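Hi,

Here is the structure I promised to send over. Have a look at it first, and then read on for my notes.

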Amino acid sequence: MRSLGGLSLVLGTATAGLYLLSVRLPGEPRAGSGSLKFPSNLEELQELAQFLQYYNREHHTYVLLLFCSAYLYKQCFAIPGSSFLNILAGALFGPWMGLLLCSTLTSVGATCCYGLSNVFGKKIVIHYFPVKVAMLQRKVEENRNSLFFFLLFLRLFPMTPNWFLNLASPVLNIPVTQFFLSVFIGLIPYNFICVQTGSILSRITSLDAIFSWSILFKMLAIAMVALIPGTFIKKYSQKHLNLEKNNERVHLINGRKNS
């Protein structure tokens, strides 16, 4: 009960702070400021991007603060939907600034989630996800000598959702430094694709522009660059990580659980 009470207090405080940031905009925002909410589809994302691009011209610092706060809020409390914010970062801040911003915020937010789980959520995670925790614990122990590369592998080729890995890592006794670096490096390809997509979409004015040679070439380059880290980690994992045996065990566990 203390854990739930403490977590609820932190969540309530963070929610109130983010709400105040979203409603107390400086200056005289134009119509559309009422749509400041987390987008749940492409149409809402486009509306939000249009408003913030306009507002960003005169209030860049406030938009940056609002974006960082919203991103950390999602990451800290393991709320799905960060891909929309990654795309929004590309549209607002450009491809490279957006990539640096998202990679940093992802790592900091995931580490805050790690900290909240460590303080308030260990018993909750074990209680509600005993099979998943046991499976991950076995994998971590079998790859303890190559733990950092194993964590990178989990980020690049997720066997379990990122949000669950953030919550379970304190239970698995994963050092916070390795956790932070694995998130920062391992999610760069994913963040890169989303941010670059946002920067491209912000410049597209018609459907015909999507099929221009410059856009198609850039999208191909994005895909090729994003494959490089995954290829390296996959080759390393085949030689040094115990994965094949674990995958067989996972199927057995899931089979027994579902039977």
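Among contacts in the protein between residues at least 6 apart in sequence, what percentage join residues at least 24 apart? The answer is 77%. Please keep in mind that this is a predicted model.

**The fold overall**

The protein has 259 residues, and 41% of them count as buried. Its accessible surface comes to about 14600 Å², with 64% of that belonging to carbon and sulfur atoms.

Tyr19, Leu20 and Val23 together make a nonpolar surface patch of about 300 Å². Val23 belongs to helix H1, which covers residues 2-23. With a relative accessibility of 45%, Val23 counts as partly exposed.

**Aromatic rings**

I went through the rings next. A pair of aromatic rings is described by the distance of the centres and the angle of the planes. The count comes to eleven aromatic pairs. One of them is Phe67 with Tyr71, a tilted pair at 5.8 Å centre to centre and 50° between the planes. Both residues sit in helix H3 (residues 60-76), four residues apart, which is about one turn of the helix. Phe67 and Tyr71 are both buried.

Then there is Phe129 with Trp163, an edge-to-face pair with 6.2 Å between the centres and 70° between the planes. Phe129 is in the loop between helix H5 (95-128) and helix H6 (130-142), while Trp163 is in helix H8 (residues 162-168), so this pair ties together parts that are 34 residues apart in sequence. As for accessibility, Phe129 is partly exposed, at a relative accessible area of 26%. Trp163 also counts as partly exposed, at 34%.

There is an aromatic cluster to look at as well, formed by Phe38, Tyr73 and Phe77.

**Charges over rings**

Phe38 turns up again here: the charged end of Lys74 sits over its ring, 4.6 Å from the centre. Elsewhere on my list, Lys132 lies over the face of Phe164, at 5.6 Å from the ring centre.

That's what I have for now.

Cheers

How values were computed. Residues numbered from 1 in each chain as written. Predicted model: local features only at pLDDT ≥ 70, side-chain atom pairs only at ≥ 80, totals over all residues. Heavy atoms only, no water. Patch = residues over 30% accessible without salt bridge, like charges linked within 9 Å, V, L, I, M, F, W, Y side chains within 5 Å. Areas by Shrake-Rupley, 256 points an atom, 1.4 Å probe, with all protein chains shown as cover. Salt bridge = Lys/Arg side-chain N within 4 Å of Asp/Glu carboxyl O. Helix = DSSP H or I, 4+ residues; strand = E, 2+ residues; numbered from the N terminus. Buried < 20%, exposed > 50% of the residue type's maximum accessible area, 1.4 Å probe, protein only. Contact = heavy atoms within 4.5 Å. Phe/Tyr/Trp six-rings, centres within 6.5 Å; stacked < 30°, edge-to-face > 60°. Lys NZ or Arg CZ within 6 Å of the ring centre and 35° of its normal.
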